[in-house]
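Reader: Hi! Could you walk me through this one?
Author: Happy to, have a look here.

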Amino acid sequence: MRSLASLGYPSLVCALVFAAGAAGLAAVGARRRRRDLTSAALRAMAVAAAATIVAAGALVTALFAHDFSVAYIAQYSSRSLGAPYLLTALWGGMDGSLLFWTVLLTAFAAIALSRAHLRDTALAGWATVILAGISSFFLVLLLVPADPFARLATPPADGSGLNPLLQSPGMVAHPPLLYTGFVGFSIPFAFAVAALITGRVEDSWWTWTRRWTLFAWSALSIGIVIGGAWAYTELGWGGYWAWDPVENASLLPWLTATAYLHSVVIQERRRMFKAWNVSLIVLTYSLALFGTFLTRSGLLSSIHTFSEGPVGRWFLPFFGAVLLGGVLLVLYRADRLRSEHTFDSLLSRESVFLANNVLFVAAAVTVLWGTIYPIVAEALTGERLSVGPPFFDSVFIPIGLAILLLAGAGPLVSWRRMSPRAGLRVAALPLAAGAITAAVLAALGVRSPGALTAFALCAFTAVSVIAEFERGSRVYRHRDHAGLLPALVRTVARNRRRYAGYIVHLGVVLIVIGLAGSAFRTESARVLEPGSSMSVGSYRLTFEGARTHLTPEAQVHQATVAVSRGGRRIATLHPRRDFHLAQQQWQSEVAIRSTPAEDLYLVITNLHRDGAAELRAFVNPLTMWIWIGAAVMLVGMTVLLTEPRRARAEAAAPARERAAAEPVGAL
Amino acid sequence: MTDQPLAVSRRPTKLVVGAVVIVAVVAGLIVWAMNRSDATSFFVTTSQVARLGPAAADHEYRVGGRVMAGSVRHHGVRTTFRLTDGRDPLTVTTRAALPDTFKAGASVIAQGTYSGHVLRADQVLAKCPSKFKPKD
């Protein structure tokens with residue numbers, strides 16, 4: 001069966017011609033200061049984006065038409081696959097996901113460049129060279145080693161289908177969000193490089209790309225949380241994060257980007273940290289590339305499959321060029337990146353931001369070390385090993401708690417300098433909240449020092465941040481007699497950056513509460529005959545039997561488990577164990593009873609011929625707060641991203657005068 | 001209140017010291033954590049395990065191999081099976097959930113401690129946990 005797939009390869013060739021042409025035109029235009037050439041390059045970039053979108057459209061229509069003469073479609077879809085998952089098959093395999101990545105890259109580049117061009121032609125010219133160059137690299141990948149349109153000589157009657165693990169709502173949202181994050185970082189990277197090349201490192205370009213960084217960072221944050229939720233509901237081991245290298249790959253650029261979003265505030269207000277900020281942008285983009293290829297290169301299975309992998313050998317020179325080029329440019333422009341101010345005092349908001357940055361980068365180094373140590377060790381000693389969660393937990397948790405402490409301390413400390421006595425006065429209430437929380441929990445029998453510290457810090461930070469809202473909204477409540485909610489809305493609207501940042505921090509506090517709950521996880525496993533029971537936590541679980549039915553996709557075995565507590569039946573859960581016909585593979589579907597206090601998490605891990613079921617039950621305290629915290633973060637991100645243009649311009653204006661006049665700062 | 005006199009003349013020694021202290025503490029944490037016995041586990045084949053002998057007892061291993069046909073026994077939630085790399089087989093016992101791809105002939109990785117004849121696995125994973133399989 002033929003489909004529009006035959007359009008795909010020519011479209012990609014066309015996209016490459018225009019992207020490469022854009023890079024060339026923009027380079028000449030930027031060197032000779034020819035505006036007409038730069039404009040032509042921007043139009044060429046838009047054509048490249050359109051052609052890439054046509055190619056992706058061709059693959060999607062071919063997926064829906066079940067054109068199994070395309071090797072990719074035969075490998076990652078099947079006739080019985082439902083409509084949403086036919087779409088997810090676009091990024092379910094390596095070649096398709098690279099195509100999707102390239103669609104985002106060319107489209108983001110075309111949008112960002114057309115806007116920047118109006119403001120600063122020279123800078124946009126060099127940014128076009130970078131973005132068109134990166135696009136060309138990815139298009140070459142798609143044409144040579146990772147062609148998603150490669151044909152099969154003898155098309156099969158049906159495809160081998162999408163991995164059942166990927167057939168879940170989380171997998172519809174998780175990869176696009178991660179890619180949006182990864183690809184979004186190429187915009188600030190391109191402008192940073194352009195600013196370094198032109199030597200025009202003054203502040204204006206930061207402010208326009210800041211929004212792209214925020215956008216990319218927000219997408220990546222939500223994508224990571226959805227990835228955790230997907231693991232929690234699909235993988236059936238009761239947890240959401242395993243320090244798997246694939247997970248680490250998404251966390252690495254997030255950590256450095258988060259550091260950047262904080263230190264750029266210092267740059268705007270105090271003209272400090274310029275070289276550091278450019279370095280963070282280069283590092284973030286390099287780590288995003290590293291993550292993209294780490295998951296595709298075979299590097300994770302073994303260093304030997306890496307060099308043999310089709311994409312790996314293309315990736316290394318490109319990654320090296322990005323990282324080395326970025327570092328050399330920063331060194332070349334080091335004299336122009338000097339801070340215009342220095343620190344005044346150890347007790348100042350600047351130093352809180354500095355400590356925050358050091359810790360975020362240290363966290364990134366930790367995760368990077370644990371992720372690449374197996375590769376390094378294999379290269380040096382030939383021995384293959386893996387680094388497990390105990391390593392990551394024992395380093396990352398203390399760093400994370402220290403960062404949480406800073407999130408609470410930040411609002412209490414003023415810019416430039418502050419007397420220790422004044423510091424103690426404002427810190428008294430949050431400190432008391434933290435101490436009382438720890439004391440109450442200890443009295444209730446909580447013994448884990450890690451969890452006590454985490455909850456105490458959560459209380460400290462939450463009270464510190466909520467006090468900021470109280471202070472900020474006081475004038476509206478007292479002077480204008482506004483209600484609490486209208487007063488809060490006006491407070492946030494007046495200084496979006498600062499208060500939206502605090503909303504994000506409150507979300508982080510809730511997430512930490514949820515993560516800390518995992519210290520109290522309990523689990524139990526038993527093989528149950530129908531009618532028999534087991535206990536986990538305060539619950540009594542009775543297996544009432546399983547029913548089997550057939551769907552086009554799978555043979556479904558649905559168990560009925562009665563949940564009672566204190567002798568009273570409170571719920572009925574239906575964990576499933578499905579046998580997927582296309583893949584000939586079992587897949588457990590968990591059942592979760594979620595409450596703010598705790599999740600009861602059931603998974604059937606085996607079904608015996610005699611009707612008995614192997615039931616594993618987990619009690620995960622406070623897990624729901626992770627998802628609630630992420631939703632609160634999303635609110636804060638939305639407020640930040642919808643900041644009106646005028647307010648942004650004001651916030652970006654030289655902050656020297658304001659810094660002296662205003663006691664507390666903005667995020 | 002102007003920035004100039006105070007800010008430019010003084011070097012931020014205290015801050016540099018503070019940053020260095022943070023870096024040193026984190027570096028110390030990393031070194032300490034890497035030396036935990038459960039931090040790293042060596043990836044070996046079943047015949048390599050057979051040659052390890054008693055010295056292996058105090059370390060974590062990840063053993064890769066194929067599940068031997070007819071070797072799988074369930075005793076409640078405990079499962080015993082034999083893994084092989086084509087040469088020396090290894091008996092694995094575990095109370096952990098088995099991966100959904102687990103069956104005779106499947107490639108799996110069992111992670112745990114080796115007692116001298118049996119690997120007590122606290123985790124049994126499918127051979128290829130990553131989403132994008134490298135082309136063999």
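Reader: Thanks! In which handedness of crossing does helix 8 of chain A pass helix 13 of chain A?
Author: Helix 8 of chain A passes helix 13 of chain A in a left-handed crossing (the near helix is turned anticlockwise from the far one by less than a right angle). Helices here are DSSP runs of H or I with at least four residues, and strands are E runs of at least two, numbered from the N terminus. This is a predicted model, where local features need pLDDT of at least 70, side-chain atom pairs count only at pLDDT 80 or more, and totals for chains, interfaces and linings use all residues. Residues are numbered from 1 along each chain as its sequence is written, with chains lettered from A and ligands numbered from 1 in the order in which they are written.

Reader: And which residues make that contact?
Author: A:Val193, A:Leu196 and A:Ile197 come from helix 8 of chain A, and A:Gly326, A:Leu329 and A:Val330 from helix 13 of chain A (contact puts C-beta atoms, placed from the backbone, within 7 Å).

Reader: Switching topic, what order do the strands of the open sheet take?
Author: The four strands run 2-11-10-9 in chain A, with antiparallel pairing (a pair needs at least two DSSP bridges).

Reader: Which strands stand at the edges?
Author: Strand 2 (522-528) and strand 9 (591-594) of chain A do; each has a single partner strand, so one side of each lacks a neighbour in the sheet.

Reader: How many bridges join strand 2 to strand 11 of chain A?
Author: Seven bridges join strand 2 to strand 11 (residues 613-621) of chain A. A:Val527 has A:Glu614 of strand 11 of chain A as its bridge partner.

Definitions and conventions: Two residues are in contact if their C-beta atoms, placed from the backbone, lie within 7 Å.
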